[in-house]
Amino acid sequence: MFKTVRGMRDLMPVDAERMRHVEQVSREVSKLYGYEEIITPVLETYELLAAKTSEEIRERMYTFKDLGDRKVAMRPEFTASVARLVASKLKNEPKPMRLFSVGSLYRYDEPQYGRFREFWQSNYELFGSDRPEADAEILMLTNDLLKRLGLKNYRFKIGHTEILKGILDQEGMDEDKQNSVRQLLDKKSWEEALAIARDADVSQKCLSALERLFGTRGEDAFKVLETVKETVQGYDTTIAAVDNLWEILELVKDSGVKLEVMVEAGFARGLEYYTGMIFESYVPRIDVALGGGGRYDKLIQLFGGEPIPAVGVAQGIDRIVLALKKQKVSPETGKEKSVVVISVKEESMGKALELSDVLRKSGLSVEVAVMGRSVSRALADANRRGVAYAVIVGPKELKEKKVALKDMNKGEQTTVPISNLAEAILSGLK
Ligand code: HAM
């Protein structure tokens, strides 16, 4: 018997439906905010996907040589592919440009709760604006999506890459060491991150600023930012970063949208391309992020394009589904609006198929009983599967151009003229 490859999952109807529901709401949100959908390939050149991602992702990519001896990899995220397009085919498009993608991604992560080797994201990227309102839009859009899906108590962890980078650049720490510090912070290994700074011979002032910064976090965003500003006096880029984050959060506040935030001065995300505000979304009792994003103003240039500022977010569809399950939010399954048409005799099968066609045209989801079972067994099966109505096509009723209609929830059966069947079902479903 064959099994799935380790870390790969079959999604059964209930889960597939939930995934598609999140995908659909994500697409609706993309339209509401003016993000146009693009479809990029799952397979890209290794070099594209490896540039500016993170050591961890580089190590975990599904990489292989194709038959033409090209080194290729399965995408671990969308941002590199979308940025490739913006640096090439889309480079002359007017800005701003808002692009949406949804699909499967691949990372050789250790399978565990919320961590899969094949997973799905809905991804939004906004190109062309370096202004805080663009960052605010990405935060508001994420908030809107989670709200529309019916999630409660979600919150945002927010930081800014230049808080740390401003300090470490000024202290002369090279990019590789800074990447190591960031990776450690991403894993909350504060002590080890400090040890790297110590080994790199940074000043005492820097060490004590870092030590204080790693512990600076809180829900009162503006208070936290004030504390950070006091801590980093003398590091001008860092102060500018704090001001930038302040502006972004103030814009969100002015919009009237209430975000539950936790601002963290030492917050780092694994990816190497970020250059500004970074954030992740969470719900209680799930300790992995539902989504994450941020500003990356240098990536398009790195891919050979003009310097184009960008900010974006990827929503983890699988983890959003886990959160919806945990909070017991279920989308409508469609079963509550479905009908089964059962033919009593073989001779009336044609009529049953005709009726199914008519009912579908009025928007109902209709199954025809195709197993040749008796009416009672077909009804028992419909009941087991949560079908709302059964239409029983019997010879006696047919003579009078009628059928029997059974409300499966109430167990009541009536005789209905065929001309009035769709209406009778639809009014019963109201
Ligand atoms: P990321 O934080 O690597 O960011 O992934 C975003 C989301 O994808 C995560 O928060 C999580 O929900 C989901 N995800 C990641 N890995 C897995 C996994 N192994 N199993 C299940 N879900 C997973 C990015 O991918 C960036 N490209 C986001 C971005 C877009 N930044 C700017 N634009």
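### Loops, helices and the ligand shell

R285 sits in the loop between β10 and β11; helices (H or I, at least four residues) and strands (E, at least two) are DSSP runs, numbered from the N terminus. The model is a predicted one, so local features need pLDDT of at least 70 and side-chain atom pairs count only at pLDDT 80 or more, while totals for chains, interfaces and linings use all residues. Residues are numbered from 1 along each chain as its sequence is written, and side-chain values use heavy atoms, with hydrogens and water left out.

R285 is not a glycine, yet its phi is positive, at about 70 degrees. With a relative accessibility of 62%, R285 is exposed; here buried means under 20% relative accessible area, exposed means over 50%, and partly exposed is what falls in between (1.4 Å probe, protein chains only). K188, in the loop between α7 and α8, is another residue other than glycine with a positive phi, near 60 degrees. K188 counts as partly exposed, at 48% relative accessible area. As background, most residues other than glycine have a negative phi, and most peptide bonds are trans. On the peptide-bond side, the link from K95 to P96 is cis, with omega near 0 degrees. P96 belongs to the loop between α4 (79-87) and β5 (97-106).

Next comes the ligand. A total of 27 residues surround the ligand, and the closest are E77, T79, D109, F116 and Y274; a residue is near a molecule if one of its heavy atoms lies within 4 Å of it. By residue type, the shell splits into 10 nonpolar, 10 polar and seven charged residues.

A polar backbone atom of F116 is 2.8 Å from a ligand nitrogen, and one of A289 is 3.1 Å from a ligand oxygen. For V313, a backbone N or O atom lies 3.5 Å from a nitrogen of the ligand. On its own the ligand has 660 Å² of accessible area, and the protein covers 96% of that (Shrake-Rupley method with a 1.4 Å probe; for residues, only the protein chains shown count as cover). Two or more shell residues come from each of β6 (118-127), β11 (286-295) and β12 (310-316). Of the elements, β11 gives the most to the shell, namely six residues.

S129 is in the loop between β6 and α5 (132-148). S129 is buried, at 16% relative accessible area, and a polar atom of its side chain lies 3.1 Å from the backbone nitrogen of R131. Leaving out residues up to four places away in sequence, S129 touches A134, R295 and P309, where contact means heavy atoms within 4.5 Å.

Now for the helices. In α8 (residues 190-199) the buried residues are A193, L194 and A197. Their arc around the axis is only 100 degrees, which puts them on the same side of α8; the arc is that of the directions from the helix axis to the C-beta atoms. This goes with a general rule: an α-helix has 3.6 residues a turn, so residues three or four places apart point the same way. E191 and D199 are exposed on the other side of α8. The buried residues of α8 pack against α7 (175-186) and α9 (204-214). Just after α8, D201 takes a positive phi of about 60 degrees.

Helix α9 has C206, L207, A209, L210, L213 and F214 as its buried residues. Seen down the axis of α9, these fall within an arc of 165 degrees, so they line one face of the helix. Their cover includes α6 (161-170), α7, α8, β8 (217-218) and α10 (221-231).

Two further residues complete the passage. F279, in strand β10 (residues 277-283), is buried, with 0% relative accessible area. N383, in helix α15 (residues 375-384), is partly exposed at 48% relative accessibility. N383 and V86 are 297 residues apart in sequence, and their C-alpha atoms are 53 Å apart in space.

Definitions and conventions:
Polar contact = N/O pair within 3.5 Å; in protein donor to acceptor, adjacent residues only side chain to side chain. Nonpolar A, V, L, I, M, F, W, Y, C, P; charged D, E, K, R; others polar.
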